[in-house]
Amino acid sequence: GVVQGLLVHRDWAPAYGVTGDAIRIDEQNLRTTAEVLTRALEMSGEAITVARHPIDRVLCICRHFTLLHTALLRSQGVPARVRCGFSNYFDPARWYDHWITERWNGERWVRDDPQVDEKQAATVNLDFDPYDQPPGRFLTGAEAWTAARAGDVDASVFGIFDMWGLAFIAGNVLSDFACLNKVELLPWDGWGMMTGPHDPVTDEATAVLDDVSTLATKDDLDAIRDRYLSDDRLRVPPDITSVINGELVEVHLAL
């Protein structure tokens, strides 16, 4: 509820009455939790637990909902992590690029989508609890890659906008692997072996992605960490690129 009272999703904004000049599109490039909260407090000095009017919420994407949600959970001592992958509950015919939270309840990782409020759940006729999702409604990048490689799913229905297919899934494998190592980037960032969503996936890249996907789904955090730190193709360096307003720019990260 705190997260939903602070943020409004870019693509859902009109449903909340936020249109025209009120669409402050640059806010989607806010990178850190501190930046998101700073912007929220610039627009309203009330406590973050007070829900803002939609026009006074920070404009963002799913990644920001789960980033802030994860940070707040961790601040309360709840183990939590950002996951990058795909959901099929906004459109059953498509697997849309999407980010959610996983939180540890003492026995298992619970998949929790902090973006989906009552309005969104009603709009898409959600028939399950978005804060404790059943298996198969969200696939991590690794799960989607493994299923596509096995022929269990059609890779061409994974993506967003005009970006669909195996190359897009590959990008989410890498983004999710970084998230498992507590480096939660923007979806339009690039580094290492990350390529464009329309580029072919080479045989060499396929072999690496097969291996990384296996590691991620086994959830051996020590093995995941060792592989991340030892492979320059996977590890996020301080200097990356990002596509901002259609332009490729260089970004320096404080890792």
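## Exercises on cavities, pockets and helix packing

The largest cavity has a lining made up of Gln4, Leu7, Val8, His9, Tyr16, Arg57, Phe65, Gln115, Asp117 and Gln120. The model used here is predicted.

**Exercise 1.** Describe the largest cavity by its volume, its lining and the classes of its lining residues.

*Solution.* 
- Step 1: Count the cavities. A search of the whole structure turns up one cavity of 30 Å³ or more.
- Step 2: Give the volume. The largest cavity holds about 50 Å³ of space.
- Step 3: Find the main contributor. Strand 1 (residues 7-9) gives the most to this lining, with three residues.
- Step 4: Sort the lining by class. There are four nonpolar, four polar and two charged residues.

**Exercise 2.** Describe the largest pocket, and find which element gives the most to its lining.

*Solution.* 
- Step 1: Give the volume. The largest pocket has about 920 Å³.
- Step 2: Look at the centre. The pocket is lined by 37 residues, and the closest to its centre are Asp97, Ile160, Met163, Pro187 and Trp188.
- Step 3: List the elements that supply at least two lining residues each. They are strand 4 (95-104), helix 6, strand 9 (189-190) and strand 10 (239-244).
- Step 4: Pick the top contributor. Helix 6 gives the most, with five residues.
- Step 5: Sort by class. The lining has 18 nonpolar, 14 polar and five charged residues.

**Exercise 3.** Work out how helix 6 packs against helix 8.

*Solution.* 
- Step 1: Recall the two values to look for. Two packed helices are described by the angle between their axes and the distance between the axes.
- Step 2: Read them off. Helix 6 (residues 166-180) and helix 8 (residues 221-230) pack at about 115 degrees, with axes 10 Å apart.
- Step 3: Classify the angle. Angles of 65 to 115 degrees count as roughly perpendicular, so helix 6 is roughly perpendicular to helix 8.
- Step 4: Helix 6 passes helix 8 in a left-handed crossing.
- Step 5: Name the partners. Phe177, Ala178 and Leu180 of helix 6 meet Ile224, Arg227 and Tyr228 of helix 8. By class, these residues are five nonpolar, no polar and one charged.

How values were computed. Residues are numbered from 1 along each chain as its sequence is written. This is a predicted model: local features need pLDDT of at least 70, side-chain atom pairs count only at pLDDT 80 or more; totals for chains, interfaces and linings use all residues. Side-chain values use heavy atoms; hydrogens and water are left out. Axes are lines fitted to C-alpha atoms, for helices over the stretch in contact, and angles run from 0 to 180 degrees between N-to-C directions. Helices (H or I, at least four residues) and strands (E, at least two) are DSSP runs, numbered from the N terminus. Angles under 35 degrees count as roughly parallel, over 145 as roughly antiparallel, 65 to 115 as roughly perpendicular and the rest as oblique. A crossing is left-handed if the near helix is turned anticlockwise from the far one by less than a right angle, and right-handed if clockwise. Contact means heavy atoms within 4.5 Å. Ala, Val, Leu, Ile, Met, Phe, Trp, Tyr, Cys and Pro count as nonpolar, Asp, Glu, Lys and Arg as charged, and the others, Gly among them, as polar. On a 1 Å grid over the protein atoms alone, a cavity is a set of points where a 1.4 Å probe fits but cannot get out, and a pocket is an open set with protein on both sides within 12 Å along at least five of seven lines; lining residues have an atom within 4 Å of a point. Grid points are joined across faces, edges and corners, and a volume is the space filled by probe spheres set on the points.
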